[in-house]
Structure formats: structure tokens, C-alpha cells
Amino acid sequence: MLNIGVIGCGAIGRDHIRRLHDLVPGAEVVACADYFQEAADKVAAQYGIRAYASGEELIAAPEVQAILITSSDDSHAGYVLEGLKHGKYIFCEKPLALNAADCEKIIEAELKHGKRLVQVGFMRRYDRGYAEMKRIIESGELGAPLMIHACHRNVSQGPGFKTEMGITNVAIHELDICRWLLGDEYKSAQVLKVRQSSLSNKGYDNPQIVLLETQNGCRIDVEVQVADGYGYDIQCQVVCEKGTINLPDPYAVVKRADATRSFPILTDWKDRFIEAYDIEMTEWVKSVENGKLTGPSSWDGYVACVAGDALNNSRGKGVFLPVETIEKPELYR
């Protein structure tokens, strides 16, 4: 059994603990920690595991063989670096860090071990819909991809949400999945402020439009709505030379009644990608047991942050900014 310690006992942390405990073979959660000790104590009592007073104590604990980081975004880089000091395998939910500079520190620390120890939680790569889209693109049956039209819509946001988080916390998924679908790298990026929704009156931009250009000349546009008031709605269309490929909506039963035809729209991100999360965690545990990580790497987390930095820096300037990365280390090739 792989003994896992979880840092962060919020919604996604609790969901991953449930997943590891109930569904993933070969995994055992043995410890947890949270900034709010009460949250950690509650989870520990529920699963009969140990609650540590800090993430650092959990990382250093000898019984913890691998670390799952689901804490607040601003804490990710610090915990990853601490985990690398101890040479432990780490799964870090997105984003890997809040900026590219911290990602570079993580890459430097990981390179000293000579092998991959870090995986980033870009779970959409494990979604069957996205996987089939990538298969069709790579088959060449529709010719070369030309454009991607995508949208990422959330119902609402809690206190403390900021405009920049629309990129670093929300659109970060599109920054990874579009690059993965195309097998291409970004060249330039720009974010636009458009007419603002009346549902957003909390001091952050909503909606925003993300624009990207790849090295091969593909164009990508992503509508980012963090308060749409109706559901968790993820859309993606790849336009190719000979046709288009659309991400399927989640399965839902269609109801016909009262002169209407309707089906439910999900409001919870955990439900929308529940199968992808299950596959992701299972594959991570399996790859750790085999001693070779296969999922999204520190480099993938870094590239997403470089693009995110360019987007946030472009806000209000009306121009595309270059997406420039360091040379890709051989470890990630």
C-alpha cells in the first residue's frame, strides 16, 4: 500500500481522500493537515488517520510516502518545494504555483533528483471526451487543427476572488488542455475585458476573453465566466481543415413535459469531472508504485503559469505579449 498524506481538507481535499479511501487500489491515506486545525481533526476522526499541525510536519513524517496537495493556491509552491527536499512523490492540484518564477524553482529542485517526483492536477487529460478529441486530432482524419473555441463557466465565486484568479485558478485548465490537444506550444497571449455581467459586482472582471496564438499559428479563444448564475459549463470546439470536433456534454436524461424539452446542467465541478478524477488518482498511484510518473509534469505546470503570467500582464494594454519559457530540460522531454 502507498501511504499518502493529504495537505488541505477543503472540498477537493475531502473528495480526494474519499476517492483514495474507497476507490483507488493500492492507496491508503494515513495523515492529513490543514491551515484550519479543526478541519484536519474532523477528517482525521472520520477516517481514523493522524492530523498534523502543519503541512511541513506531515511532509517530514516517516509514515508518509507520498504527498497530495489540495490546499490554497498560494501555498502550493512552498509545499511542493518542501516535499522535494524530502525526496517524496508529490501530487499537486493546479496551479503548480501562482507564477512562473516559483515554478522554475520547483523544476530546479526536481532536476537535482534526476527523476520526476511531481505531478500536477490537470485532470481534464483523463476525461474521455478530451481524450477522444485528441485521438481524432492526432489521427489526421480531419486535417490540421486551425482554431479552438472554448468556454469555462462557473456559477459563482466565494469571498476574496480577484480578477487575476480568473486566469490562475480558472482558465489555467484551458491553458493546459488546449496545448495538450494541439501538441503545440504558445507564442503569444492577451486577455480582454468585455461588457461586464450584472451578476458580477464583487470587484473582479467577469467575463474575460483569453486569446492565444501557438507556434504553429493556431488561434485559441476562451470565454471565462466565473459567475454565470446557472451552472458549471465547460465547452470546447476544435476547428480543423476538414471538420470540427466538439467536447460532449455530460450524460443527462432528457425530460419532455409541459411543452418543454429539458435536461439538467451540473453546478458542481466535482460532478462534471468525477470519472476523470477517479482515473487520474488511480493512474498516479500506479505510476508512483512503478517508480515512474506518467501524468502532467512540473514542466506542464510551468508552461501554464508562463502563459498565465503573460495574460495577466497584458490586461488593459491592448496587445499580445510573448509567452517565453526557459529551455526545456531533458527530464521532461
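Analyst: We can go from the overall fold to a few individual residues.

User: Great. What should I know about the model and its numbering before we start?
Analyst: This is a predicted model, where local features need pLDDT of at least 70 and side-chain atom pairs count only at pLDDT 80 or more, while totals for chains, interfaces and linings use all residues. Residues are numbered from 1 along each chain as its sequence is written, and side-chain values use heavy atoms, with hydrogens and water left out.

User: How many helices and strands are in the chain?
Analyst: The chain has 10 helices and 15 strands. Both are DSSP runs numbered from the N terminus: helices are H or I with at least four residues, strands are E with at least two.

User: And how compact is the chain?
Analyst: Its radius of gyration is 20 Å, close to the 20 Å from the globule rule for 333 residues, so the chain is as compact as a globular protein of that length. That radius is taken over C-alpha atoms, and the rule is 2.2 Å times the number of residues to the power 0.38. Along its principal axes, the C-alpha trace spans about 55 × 55 × 45 Å.

User: How much of the chain is buried?
Analyst: Buried residues account for 54% of the 333. Buried means under 20% relative accessible area, exposed over 50%, and partly exposed in between, using a 1.4 Å probe and protein chains only.

User: What share of contacts join residues at least 24 apart?
Analyst: Among contacts between residues at least 6 apart in sequence, 72% join residues at least 24 apart. A contact means heavy atoms within 4.5 Å.

User: Let's switch to cysteines. How many disulfides are there?
Analyst: A search of the whole structure finds 0 disulfides, a disulfide being a pair of cysteine sulfur atoms within 2.5 Å.

User: What about C218?
Analyst: C218 is in no disulfide either, and the nearest cysteine sulfur, in C240, is 8.6 Å away. C218 is buried too, with a relative accessible area of 6%.

User: Now the backbone. Which peptide bonds are cis?
Analyst: P95 sits in the loop between strand 5 (89-93) and helix 5 (100-111). Another is the bond from N206 to P207, with omega near 5°. P207 is in the loop between strand 8 (186-193) and strand 9 (208-214).

User: Why do those get a mention?
Analyst: Because most peptide bonds are trans, and most residues other than glycine have a negative phi.

User: So which residues have a positive phi although they are not glycine?
Analyst: D258 has a phi of about 55°, and A259 has one of about 65°. D258 lies in the loop between strand 13 (255-257) and strand 14 (260-262), and A259 is found in that loop as well.

User: Are those two buried or exposed?
Analyst: D258 counts as exposed at 74% relative accessibility, and A259 is exposed at 87%.

User: Last one: where is R19, and what does R19 touch?
Analyst: R19 is in helix 1 (residues 11-22) and is buried, with a relative accessible area of 0%. Leaving aside residues up to four places away in sequence, R19 touches V24, I274, Y277, D278 and M281.
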